[in-house]
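This report describes pockets, ligand surroundings and selected residues in one protein model. Please keep the sequence and the coordinates at hand while reading.

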Amino acid sequence: MNKKTVLITGASRGIGRATASLFAESGYNVLINYNKSEKEALDIFESLKDKGYSVDIYKADVSNVNEVNLMVKHCIGKFGKIDVLINNAGISKDKLFTDITFEEWHEMMNVNLNSIFYTTQASLKYMIQEHSGKIINISSIWGMVGGSYEVHYSTSKAAIIGMTKALAKEVGPSNIQVNCIAPGVIKTDMLNDVSDEILETLRDETPLMRLGTTSDIAHCALFLAGDNSNFITGQVISPNGGFVIV
Ligand code: NAP
């Protein structure tokens, strides 16, 4: 059978890394994107390659449109196509709104939001030709309900939800599904600055009484990428243990 190809941004660490492993194990060709964490990216690439999986690796800063265009070209050159795009790369920062600088605001929008415009526009060219494709955008519960001390992060994640819904309507007739995953609190490097005490409180406020894992999110992405979700588009799925129920 013709293998499907997935491009995962920010796959050197955390949720993206776990997603790259799961998709490789599930028979996809996987393009692992990274930017700064070369050692971690090479580590996951080598370990998947050693197991005989079909993987490749590409360094690109997703906030740079030229680098993104070259990455998508590389993906097509290497695997012949792009069936699934997972827009996962992201940064976060806790800061009082009144202290956020112009540079910090724009960096957040460039990495978390504008990057998705670049990757998606470049990938859609191929998907529309194929009359098939899946785009999965990683937002956050804070994009759904707002998080204090991270207004710039929440704004970028809320915009991803708006983009997902609008684009799903536009490209639905081309048989392309666009969906959003809005994770709850997931234990990754992104939470390194969060104290154990706060993590404990977050756990206590979660009906399922635990924090999320990268595997929880990877499995949700695998479902949205597969044929069993072909009638789902424009939706926000939030694996969050019941922490946010809307
Ligand atoms: P993480 O462990 O900090 O990993 C972030 C990933 O994004 C890294 O692989 C990093 O790659 C990549 N990245 C950052 N800037 C990039 C850039 N300019 N170009 C390319 N890649 C870039 O974070 P995570 O928790 O896995 O987060 C993944 C996604 O889930 C993010 O969009 C985040 O907002 C979202 N999310 C996370 C949580 C949570 O609780 N962890 C909750 C909700 C949503 P390099 O290190 O190679 O630069």
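## The largest pocket

In this predicted model, the largest pocket holds about 1600 Å³ of space. Its lining is made up of 49 residues, and those closest to the pocket centre are Gly90, Ile91, Ser92, Tyr153 and Met190.

Sorted by class, the residues that line the largest pocket comprise 20 nonpolar, 19 polar and ten charged ones.

## The second largest pocket

The second largest pocket has a volume of about 150 Å³. It is lined by 13 residues, of which Gly212, Asp216, Pro239, Asn240 and Gly241 are the closest to its centre. The classes represented in this lining are six nonpolar, five polar and two charged residues.

## Surroundings of the ligand

The ligand is surrounded by 32 residues, with Ser12, Ser37, Asn88, Tyr153 and Thr188 being the closest. Tyr153, which is also listed among the residues closest to the centre of the largest pocket, has an N or O atom in its side chain at 2.6 Å from an oxygen atom of the ligand.

In the case of Lys157, an N or O atom of the side chain lies 2.8 Å from a ligand oxygen, whereas for Ile15 a backbone N or O atom is found at 2.8 Å from an oxygen atom of the ligand.

Where does Ser140 sit, and which residues does it touch? Ser140 is placed in the loop between β5 and α5, and its relative accessibility is 3%, so it counts as buried. The side chain of Ser140 reaches the backbone nitrogen of Trp142 at 2.9 Å. Beyond its neighbours within four places in sequence, Ser140 is in contact with Tyr153, Lys157, Ile181, Ala182 and Pro183; of these, Tyr153 and Lys157 also have side-chain polar contacts with the ligand.

Val62 is located in the loop between β3 (55-59) and α3 (65-79), and it is classed as buried because its relative accessible area of 6% is under the 20% limit. Apart from neighbours within four places in sequence, Val62 makes contact with Thr9, Asn33, Val68, Met71, Ala89, Val111, Ser115 and Tyr118. The C-alpha atoms of Val62 and Ile116 are 8.0 Å apart in space, although the two residues are separated by 54 places in sequence.

## Positive phi values in loops

Most residues other than glycine have a negative phi. Against that background, which values of phi do His131 and Tyr149 take? Phi of His131 is near 55°, a positive value in a residue other than glycine, and phi of Tyr149 is near 65°, again positive in a residue that is not glycine.

Each of these residues lies in a loop: His131 in the one between α4 and β5 (133-138), and Tyr149 in the one between α5 and α6. With a relative accessible area of 44%, His131 is partly exposed.

Technical notes. Residues are numbered from 1 along each chain as its sequence is written. This is a predicted model: local features need pLDDT of at least 70, side-chain atom pairs count only at pLDDT 80 or more; totals for chains, interfaces and linings use all residues. Side-chain values use heavy atoms; hydrogens and water are left out. On a 1 Å grid over the protein atoms alone, a cavity is a set of points where a 1.4 Å probe fits but cannot get out, and a pocket is an open set with protein on both sides within 12 Å along at least five of seven lines; lining residues have an atom within 4 Å of a point. Grid points are joined across faces, edges and corners, and a volume is the space filled by probe spheres set on the points. Ala, Val, Leu, Ile, Met, Phe, Trp, Tyr, Cys and Pro count as nonpolar, Asp, Glu, Lys and Arg as charged, and the others, Gly among them, as polar. Helices (H or I, at least four residues) and strands (E, at least two) are DSSP runs, numbered from the N terminus. Buried means under 20% relative accessible area, exposed over 50%, partly exposed in between (1.4 Å probe, protein chains only). Contact means heavy atoms within 4.5 Å. A residue is near a molecule or strand if one of its heavy atoms lies within 4 Å of it. A polar contact is a pair of N or O atoms within 3.5 Å; within protein, one must be able to donate a hydrogen and the other to accept it, and residues adjacent in sequence count only if both atoms are side-chain atoms.
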